[in-house]
Amino acid sequence: MSFVQAAFGRFKQTVTAYAGDDALMRAAVSACANVIVADGEVAGAEFEAALKGMLADPILEKGYDSLMLEEELYDGIGRARTRAGRMQNMHFIEAIAERPAEQRQSVFLIAADVADFEGISPSEHRALTEVATALGLDRDTLLA
């Protein structure tokens, strides 16, 4: 890759970050929501862990404030309470399957941190497996 192409790629990523990357944001929100609802409980600490994780992502942090992410996460959790909603969340996750590995891994790891808040339950493991599969990632490698 030439210097010009690399510089243009970084510039494009910066512009996207400040303009907001809706697909990346929806994927992160949806992954977190499916994991949060997986065990049947919606704990406030998990919600806070999801927000903290999303705000730690440099692209999401630049493009969205915490209030916007909270609203999207509430919507994602609302969807995750039904089978059809969880499927819609999975479609949002699958929408970034062709993105660079760094972005896909970030989405997975944010969801994994949410699941690991009080230890990853079997139902949360299943949800993380679905997220990893949708993103084309190896769950066990990323959890190690």
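Analyst: A salt bridge is a side-chain nitrogen of Lys or Arg within 4 Å of a carboxyl oxygen of Asp or Glu. The model is a predicted one, in which local features need pLDDT of at least 70, side-chain atom pairs count only at pLDDT 80 or more, and totals for chains, interfaces and linings use all residues. Residues are numbered from 1 along each chain as its sequence is written, and side-chain values use heavy atoms, with hydrogens and water left out.

User: Which residue meets Arg 99 in a salt bridge?

Analyst: Arg 99 lies in the loop between H6 and helix H7 (101-115), while its partner lies in the loop between H1 and helix H2 (22-38), so the pair ties together parts that are 78 residues apart in sequence. Helices here are DSSP runs (H or I) of at least four residues, numbered from the N terminus. With a distance of 2.9 Å from N to O, the side chain that meets Arg 99 is that of Asp 21.

User: Is Asp 21 buried or exposed?

Analyst: Buried means under 20% relative accessible area, exposed over 50%, and partly exposed in between (1.4 Å probe, protein chains only). Because its relative accessibility is 8%, Asp 21 counts as buried.

User: Which element has the lowest mean pLDDT?

Analyst: pLDDT is the predictor's confidence in each residue, from 0 to 100, and the chain averages 88. Where pLDDT is low, the predicted coordinates should not be read in detail. Among the elements of the chain, H6 has the highest mean, 98, and the lowest, 51, belongs to helix H1 (residues 3-19).

Notes: Helix = DSSP H or I, 4+ residues; strand = E, 2+ residues; numbered from the N terminus.
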